[in-house]
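Subject: Structure handover and findings

Hello,

My notes on it follow below.

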Amino acid sequence: AIASGGESLGTVVGPADAIGPMERVARLVAHLADREQEKLALAAETLGRYKELTLLYDMSSSLSRVLDVDEVAEKIVAEAHRFLRASEAALYLLDRRGEMLRPCSSIGHAAPIALDGVGMELRALRSAQAELIEEIAPGLGSAIVAPLRSGDAAFGVLRVLGDPASRWTAGELKLVTSLAENAASAISHAMLHRDQLRQQALRNQIERFVSPSLLEAALEDLGEQARKRPLIVVYFDVSELSRSMDQRAAAEQVLGAMLTATCAAIDVLLAHGATVSTAQ
């Protein structure tokens, strides 16, 4: 018999007095078959690695031009779902209050997750480490969850679920981890761009009422700790109040209403430690 990898490949047939030579021939054929199987396995692994590297290169190149958080999430989820032939894929991000993991993009089921709960998504978020679950439950497939990290902390997770026949290994875990790293970098860049646009829009609005030189001077006077605190600017347009009043109202009535409203606004601001300045 010619056996390779626990399977029978065939037999060597010959005269009864040639058992020894036939066995040597069978071992030689089996050895050659084993070597061919090793070559095929190595070729398949090399092809798989090439496909993974190509995917990550194309993804990195594609995401470098994307400045929208939702679009980044959609691209990552779509590629993870396609490449791994997954049944579901979802990318979650922490909300602004840091109370929930909310799905930013998904293929399949994905619901918000409260941070005081349990589950593989929260484990990955808290530990900032990727996790492979070979079988979620009897009859179900594998699952991989990888964190989106900024430094040592995670601000989101990428979750991929396989079909019941899937049995993922460390190779798929490494791929999903790499996709999550690409997503974290691209989303951080997109968030920074979004914040810069918001700051510029806010600055443009402020400069409608305050001269750029005055605004710049105010910002320069802030210390580093003060810069990190929320800055709220309240504009109280008394001219709008005067226009809304009855044109037949007496001047003393208009001035009284303006004074009352102004004092009320200033009291609120001072109660919160604000600085009050007036401009005409």
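At what angle do helix α2 and helix α4 pack, and how far apart are their axes? Helix α2 (residues 69-83) and helix α4 (residues 170-206) pack at about 170°, and their axes are 9 Å apart. α2 is therefore roughly antiparallel to α4. Angles over 145 degrees count as roughly antiparallel, under 35 as roughly parallel, 65 to 115 as roughly perpendicular, and the rest as oblique. Axes are lines fitted to C-alpha atoms, for helices over the stretch in contact, and angles run from 0 to 180 degrees between N-to-C directions.

From α2, the contact is made by V69, V72, I76, A80 and F83. From α4 come L175, L179, A183, A186, I187, A190, M191 and R194. Contact means heavy atoms within 4.5 Å. By class, this α2 and α4 contact has twelve nonpolar residues, no polar ones and one charged. Ala, Val, Leu, Ile, Met, Phe, Trp, Tyr, Cys and Pro count as nonpolar; Asp, Glu, Lys and Arg count as charged; the others, Gly among them, count as polar.

Now the basis for these values. This is a predicted model: local features need pLDDT of at least 70, side-chain atom pairs count only at pLDDT 80 or more, and totals for chains, interfaces and linings use all residues. Residues are numbered from 1 along each chain as its sequence is written, and side-chain values use heavy atoms, with hydrogens and water left out.

The overall picture:
- The protein has eight helices and eight strands. These are DSSP runs numbered from the N terminus (helices H or I, at least four residues; strands E, at least two).
- Of the 280 residues in the protein, 27% are buried. Buried means under 20% relative accessible area, exposed over 50%, and partly exposed in between (1.4 Å probe, protein chains only).
- Among contacts between residues at least 6 apart in sequence, 49% join residues at least 24 apart.

Back to α4. N182 is located in this helix. N182 counts as buried because its relative accessibility is 18%. A polar atom of the N182 side chain lies 2.9 Å from the backbone oxygen of S178.

Next, strand β8 (residues 153-161), which holds A154. A154 is buried, with a relative accessible area of 14%. Leaving aside neighbours within four places in sequence, A154 is in contact with L94, L125, A128, P147, L148 and R149. A154 and L94 are 60 residues apart in sequence, yet 8.9 Å apart in space, C-alpha to C-alpha.

A128 has a backbone point to check. Its phi is near 55°, a positive value in a residue other than glycine. A128 sits in the loop between α3 (120-127) and β6 (131-133). At 6% relative accessibility, A128 counts as buried.

R85 also has a positive phi near 55° and is not a glycine. R85 is in the loop between α2 and β3 (88-94). At 69% relative accessibility, R85 counts as exposed.

Last, helix α8 (residues 251-271). α8 has 21 residues and reaches 30 Å from its first C-alpha to its last, close to the 30 Å expected at 1.5 Å a residue. The expected span is 1.5 Å times one less than the number of residues. G273 follows α8, with a positive phi near 75°.

Best wishes

Terms used: A polar contact is a pair of N or O atoms within 3.5 Å; within protein, one must be able to donate a hydrogen and the other to accept it, and residues adjacent in sequence count only if both atoms are side-chain atoms.
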